Amino acid sequence: MPATTERNFADKKTMSIKKRSWAEPFKIKMVELLKMTTPAQRRKAIREAGYNTFLLKSEDVYIDLLTDSGTSAMSDRQWAGLMMGDEAYAGSKNFYTLEKAVQKYYGYKYLIPTHQGRGAENLLSQSLIKKGDIVPGNMYFTTTRLHQELAGGTFVDVIIDEAHDSQSLHPFKGNIDINKLDAVVKKHGAVKIPYICVAVTVNMAGGQPVSMENLKLLREYTSKHGIKIMLDMTRIAENAFFIQQREAGYSHKSVAEIVREICDLTDGATFSGKKDALVNIGGFLAVNDFETFEEASNLVVVYEGLHTYGGLAGRDMEAMAIGIAESVHDEHMKARIGQVQYLGEKLQEAGIPIVLPIGGHGIFIDAKRFLPHLTQDQFPAQALAAELYIDSGVRTMERGIVSAGRNAQTGDHYYPKLELVRLTMPRRVYTQAHMDVIAESVANVYKNRKKITGLKMVYEPRYLRFFQAQFEKL
Ligand SMILES: *Cc1c(COP(=O)(O)O)cnc(C)c1O
């Protein structure tokens, strides 16, 4: 893979490291061939998919930026790990390997594997949330909030205001606003708040990190009020890399050390192995206190499987344990975030409005500014994702009004401030030449943006509608 010059990882206002060219710390051993399609074929495919990129067939996609979830390339060691699967129903060797990795890299005492992150969210929500409880968090995530609501809780957003401003250059837009949290505690009382859910990084804000300073302040505040901190630590190594690059006092610490320091400030975590941990399936709940572990252990057998496999094959647990270790290597993280940064800078050069600073797992195009002639009810981000696919076969996804869903009480759409198209980067999958093709396609769609029309929703599922909703052109 060709190297680039002067990739730097944080926004230019907060830091300025200029480095020599560098490239990925791996070479390619096996390739997956892709089908090339024509614009006419893609126009037909997206129409048949109801203008929802989730409903496209993967074989009709050229460069797949739908998600970084479960789409990463495993290493030869991880593939070797698959061969070491101990497929016993109970007490599989691979469970103990995974438990050891979780204790070593994250420091949590108790582990419950789950089939993926949302399985852990279900167990955590059902274990700790009572009807009428309030669960503050740094911006909602789709499955996280839904599980909180299904358990009888109400999510309250306590992220700093800068997170909702796509042009704010705040280096830690994932931070919790302690004053907002304090207002929630004063209004409802700490007894109504079983825990605060802290996402590292914040997916819905564009992969923005939380600072260590903010986490320390939060620990101080929550300890005083007897509130637990539960991490949504799906991209914790990416968050740690940003702390290393941007926060005073951390430039000489390794990603692994920073990851551990984050975990040590919290009480437990839900984890989707499909992101940081470089596996195609897997997740877990990890906690420090025995009562929560005991309750979740009771529930896991109902929803996932026995507590030593939680819906996973033994081989999947082995691959995840190896992936966790690989995810905290500094060189890996530098290449991972560096690739996202490279694409982001190309788009900026082309004048495309994107969320800044560039986040960890992808580029988020500001669809409100890309398509100012569309109202939010005409689903601008959904329409833009469809246009990008038609232009080049690049598959992206909507993160705006469709993803936000409806308020369960009033039935109205939630109207999020951010209306985004997400270009999410699988780890260790695409080359720099792919990045160039993507950037040229976005620039071409931008040139012709005035011709793009809005959409109307013709089918709406009841839950997490963005996955299966269908649209027609207005
Ligand atoms: C992906 C994700 C989840 C859910 O994990 P799954 O493995 O997809 O179930 C939860 N929170 C965040 C921030 C995520 O990105």
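How far is a nitrogen atom of the ligand from an N or O atom in the side chain of Asp232? The answer is 2.6 Å. That pair is a polar contact, meaning N or O atoms within 3.5 Å.

Some ground rules. This is a predicted model, where local features need pLDDT of at least 70, side-chain atom pairs count only at pLDDT 80 or more, and totals for chains, interfaces and linings use all residues. Numbering starts from 1 along each chain as its sequence is written, and side-chain values use heavy atoms, with hydrogens and water left out.

Back to the ligand. It is surrounded by 14 residues, counted when a heavy atom lies within 4 Å. The closest are Arg118, Asp232, Arg235, Ser272 and Lys275. A polar side-chain atom of Ser272 sits 2.6 Å from a ligand oxygen atom. For Gln116, a side-chain N or O atom is 2.9 Å from an oxygen atom of the ligand.

Now the helices, which are DSSP runs of H or I, at least four residues, numbered from the N terminus. Take H8, residues 236-246, against H9. Their axes, lines fitted to C-alpha atoms over the stretch in contact, are 8 Å apart at an angle of about 110 degrees. That makes H8 roughly perpendicular to H9, a label covering 65 to 115 degrees.

Last, H7, residues 212-225, and H9, residues 255-264. Their axes come within 10 Å and cross at roughly 20 degrees. H7 and H9 are therefore roughly parallel, the label for angles under 35 degrees. Met212, Leu215 and Lys216 in H7 meet Ile258, Glu261 and Ile262 in H9.

Notes: Axes are lines fitted to C-alpha atoms, for helices over the stretch in contact, and angles run from 0 to 180 degrees between N-to-C directions. Helices (H or I, at least four residues) and strands (E, at least two) are DSSP runs, numbered from the N terminus. Angles under 35 degrees count as roughly parallel, over 145 as roughly antiparallel, 65 to 115 as roughly perpendicular and the rest as oblique. Contact means heavy atoms within 4.5 Å. A polar contact is a pair of N or O atoms within 3.5 Å; within protein, one must be able to donate a hydrogen and the other to accept it, and residues adjacent in sequence count only if both atoms are side-chain atoms.
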